[in-house]
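Me: I would like to go through this structure by question and answer. Keep it brisk.

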Amino acid sequence: MNRYLVPLLVVLLLIGFLVIGLKKGDPRALPSPFIGKPAPTFELPTLADPEVTVGSEDLAGKVSLVNVWATWCAGCRAEHGFLLKLAADKTVPIYGINWRDTRPEALRWIEELGDPYIASGFDGSGRVGIDWGVYGAPETFLVGPDGVVLHKHLGPLDPRAWEEDFVPRITAAGGNL
Amino acid sequence: MIRLLAGLLAVLIFSSAVAIDSDVAFDDPELQARYEKLISEVRCLKCQNQSIKDSNVFLAADLRREIRRLIAEGKTDAEIVEFLVTRYGEFALYRPRASGKTLFLWIAPFFLVLFGGFAIYRVVRHRMTLPIDDETDTQGAAH
């Protein structure tokens, strides 16, 4: 009996690791190092008007979403309808970071598909994206009233992710839903 | 057909010689050497099995540009690594720094070698205690 015990334990350990690996979901998804830490400060010219800026000051004092999007990004098109619905419900204000895009294309996108954003900052060079640790649009950050990042969602936002990952955190942080 | 194959082969051979990074080199060879070492050790987050030196994804180009800027500003390698880790986490580095979080990564190989060595030792020791019995061996081979 004893001679089988060690191999058995090793196999069980391996199975444990494999199960964890399978349950983890997308292996390319990276946890954001900003969760629980202050969001990076930023200030960008808005998409609508280069003379006006949007930045960390606009986020202060309320729970808000920061959505990183681009016109070349298929996932952004997929989530756009849901963002419009969130905006229509007038719950959490949504700010956009238009990442690595061109103004004319981004403006046309907004015109054609609708604008869920309070304002979108235009980050053509991708500098602010790097500061936020963005590596693939769409990415959505949930930022608390104190400017701390509460959650980061990778990929298109959908009702399920919203209910499971965002709603409880928004409620806990005192945001209106 | 042969021409096509030869063409494909040529593409394969010569494409690897083309540098992805088309930016102008630093005037100071020492800075350029630091730059090249750094970009070969930073993971492209969008194409996770390539370094940003080998990737032509725009994110890799952006990160190269940032590293170039930081070097030009006189930042040390450690400061540049810190810049990347605060934004993208330890995963961005192909050689993670030794710290509490990555301790397991660093000690696991030694642990595995020790474990394997111990296993070999046990097996060899056990075999040495077995009686040498040529007769059963030859009989075994005959079956």
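This is a predicted model: local features need pLDDT of at least 70, side-chain atom pairs count only at pLDDT 80 or more; totals for chains, interfaces and linings use all residues.

Me: How many helices and strands does chain A have, and in what order do the elements run?
Reply: Chain A comes to six helices and seven strands. Its C-alpha atoms fill a box of roughly 75 × 35 × 30 Å along the principal axes. From the N terminus on, the order is α-β-β-α-β-α-β-α-β-α-β-β-α.

Me: How many helices and strands are there in chain B?
Reply: From the N terminus on, the elements of chain B run α-α-α-α-α-α. The count is six helices and zero strands.

Me: What share of the residues is buried in chain A, and what share in chain B?
Reply: Buried here means under 20% relative accessible area. Chain A has 177 residues, and 45% of them are buried. Chain B has 143 residues, with a buried share of 27%.

Me: In chain A, what percentage of the contacts between residues at least 6 apart join residues at least 24 apart? And in chain B?
Reply: Take the contacts in chain A between residues at least 6 apart in sequence; 70% of these join residues at least 24 apart. For chain B, with a separation of 6 or more, residues 24 or more positions apart account for 49%.

Me: At what angle does helix 2 of chain B pack on helix 3 of chain B, and which residues of the two make the contact?
Reply: Helix 2 of chain B, residues 29-40, packs on helix 3 of chain B at about 145°, with the axes 10 Å apart. This crossing is right-handed. The contact residues divide into six nonpolar, no polar and three charged. They are Leu31(B), Arg34(B), Tyr35(B), Leu38(B) and Ile39(B) of helix 2 of chain B, and Arg64(B), Ile67(B), Arg68(B) and Ile71(B) of helix 3 of chain B.

Me: How many aromatic pairs are there over all chains, and is the pair of Trp162(A) and Phe166(A) stacked or edge-to-face?
Reply: The whole structure holds ten aromatic pairs over all chains. In the pair of Trp162(A) and Phe166(A), the ring centres are 5.3 Å apart and the planes 15°. Planes under 30 degrees apart count as stacked, so this pair is stacked.

Me: How far apart in helix 6 of chain A are Trp162(A) and Phe166(A), and are they buried or exposed?
Reply: Both lie in helix 6 of chain A, residues 159-172. Being four residues apart, they are separated by about one helical turn. Trp162(A) has a relative accessible area of 6% and is buried. Phe166(A), at 0%, also counts as buried.

Me: Is the pair of Phe26(B) and Tyr35(B) stacked or edge-to-face?
Reply: Phe26(B) and Tyr35(B) are buried. Their rings lie 5.9 Å centre to centre, with 70° between the planes. The pair is edge-to-face.

Me: Which residues does Phe91(B) contact beyond its neighbours in sequence?
Reply: Phe91(B) sits in the loop between helix 4 and helix 5 of chain B. At 33% relative accessible area, Phe91(B) is partly exposed. Leaving aside neighbours within four places, its contacts are Leu30(A), Arg43(B), Leu45(B) and Gln48(B).

Definitions and conventions. Residues are numbered from 1 along each chain as its sequence is written. Chains are lettered from A and ligands numbered from 1 in the order in which they are written. Side-chain values use heavy atoms; hydrogens and water are left out. Rings of Phe, Tyr and Trp (its six-membered ring) pair if their centres lie within 6.5 Å; planes under 30 degrees apart count as stacked, over 60 as edge-to-face and the rest as tilted. Buried means under 20% relative accessible area, exposed over 50%, partly exposed in between (1.4 Å probe, protein chains only). Axes are lines fitted to C-alpha atoms, for helices over the stretch in contact, and angles run from 0 to 180 degrees between N-to-C directions. A crossing is left-handed if the near helix is turned anticlockwise from the far one by less than a right angle, and right-handed if clockwise. Contact means heavy atoms within 4.5 Å. Ala, Val, Leu, Ile, Met, Phe, Trp, Tyr, Cys and Pro count as nonpolar, Asp, Glu, Lys and Arg as charged, and the others, Gly among them, as polar.
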